[in-house]
Amino acid sequence: MIDDLAALRSLSPDQQVGLLFVVLFGVLVGVSAVIVTLTSRDGGTEPDEARLRRLERRRGLRRDLRALWLGTLLFWAAWVSGPLGATLAFGAFSFLALREFITLVHTRRGDHRSLILAFFVALPLQYVLVGTRAFDLFTVFVPVYVFLAIPVAGALAGDPERFLERNAKIQWGIMVCVYGLSHAPALLLLDLPGYAGRGAFLLFFLVMVTAAAQLAQEIASRHLRRRPVARQIDRSFSWRALGVGLVAAALVGAALFWITPTGPWQAATMALVAAGCGSLGELVMRALKKDAGVRYWGNRSSVTGAVGLLDRVAPLCFAAPVFFHFVRWYLV
């Protein structure tokens, strides 16, 4: 085992990332075959209500499978195209996620200047700072300069009705969809001592532990006795389910320690931090959806063009900035 890990670490960064994608694509092919087989079975003479539930689960599984394949392909394309391609890809994700957020919350004509500032000034500048590795300015650009500029632009429009609420919604959308998500490509560009060129592993680690926590938490919420913490927001969120998710993330993180510059215990700690932020962030986004009166960010696609991207990247938007700064402060 030790010899195998030493052999893996002796490979060049490109060879290591290439091996990672070979393994990942192989696992996805196997999972796809199992899901297609399971969802192709006929329900026989089951009641109509049970059949409808089964069809809904089938559609959900296939939708999640398509999202996994799309995310893997985009991740691979971003890595192949280098830092510029990764930055542009996540910039496009941020634009689409922010568009979904804004189209499902209340705005007025007086917000047009603030929205133009958000979409066409703040968003591209944030990713320019990522691409140029200006991390000191990158970490304060949105929460300081953009947050001060947004209400100024709104005030110049001369519309005081619900001014604080409208500006807070725009600021929060920028914080989640732009600031939070922009830390994902920043991991690819982070230069750690003795870990140059392997930033893709950190992003892969973050995505895997966050996804493992979400999956384990969802399974636990279905089988454990429910004691909802915030019943009006999410009846399935409980401390027990959250604990199961964190344990699952820690185990996955410890198992993946060899792709990080740390040992098993440090990797498990990083996984706990990322998974906890992602799970709590998902709860926050569910509260925002309740406030907006929607179940999924993409459930009005025929009207708004939303496709549900924000539902899939919401945990990453919260986990990425905390994970990035944790790695940067404690590993650099």
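**Reading confidence, burial and ring pairs**

Tutor: In this predicted model, confidence across the chain is highest in helix α5, at a mean pLDDT of 93, and lowest in helix α11 (residues 301-304), at a mean of 41. For the chain as a whole the mean pLDDT is 78, with 72% of the residues reaching 70 or more.

Student: Over which residues does pLDDT stay under 50?

Tutor: That holds for residues 300-307, for which the model has 15 contacts beyond four places in sequence.

Student: Why is Ser 114 called buried?

Tutor: Buried means under 20% relative accessible area, and Ser 114 has a relative accessible area of 0%, so the term applies. Ser 114 lies in helix α5 (residues 112-131), and, leaving aside its neighbours within four places in sequence, it is in contact with Ile 150, Ala 153, Gly 154, Asn 167 and Ile 170.

Student: How do you know that the span of helix α7 agrees with its number of residues?

Tutor: At 1.5 Å a residue, the 27 residues of α7 (residues 163-189) should span 39 Å, and the C-alpha atoms at its ends are 38 Å apart, so the two values agree. The helix does bend, by about 30 degrees at Met 175, and 21 of its 27 residues are buried, which leaves α7 mostly covered.

Student: What makes the aromatic pair of Phe 95 and Phe 120 tilted?

Tutor: The count for the model comes to 10 aromatic pairs. In the pair of Phe 95 and Phe 120 the centres are 6.5 Å apart and the planes stand at 55 degrees; stacked needs under 30 degrees and edge-to-face over 60, so 55 degrees counts as tilted. This pair links distant parts of the chain, with Phe 95 in helix α4 (residues 82-103) and Phe 120 in helix α5, 25 residues apart.

Student: Why is Phe 120 called exposed, and why is Phe 95 called partly exposed?

Tutor: Exposed means over 50%, and Phe 120, with a relative accessible area of 56%, therefore qualifies. Phe 95 has a relative accessible area of 30%, which lies between the cut-offs of 20% and 50%, so it is partly exposed.

Student: What makes the pair of Phe 205 and Phe 323 stacked?

Tutor: Their planes are 25 degrees apart, with 6.0 Å centre to centre, and planes under 30 degrees apart count as stacked. Phe 205 in helix α8 (residues 199-223) and Phe 323 in helix α12 (residues 309-331) are 118 residues apart. Phe 205 counts as buried because its relative accessibility is 0%, and Phe 323 counts as buried at 0% too.

Note on methods. Residues are numbered from 1 along each chain as its sequence is written. This is a predicted model: local features need pLDDT of at least 70, side-chain atom pairs count only at pLDDT 80 or more; totals for chains, interfaces and linings use all residues. Side-chain values use heavy atoms; hydrogens and water are left out. Helices (H or I, at least four residues) and strands (E, at least two) are DSSP runs, numbered from the N terminus. The expected span of a helix is 1.5 Å times one less than its number of residues. The bend at a residue is the angle between axes fitted to the seven residues ending there and the seven starting there. Buried means under 20% relative accessible area, exposed over 50%, partly exposed in between (1.4 Å probe, protein chains only). Contact means heavy atoms within 4.5 Å. pLDDT is the predictor's confidence in each residue, from 0 to 100.
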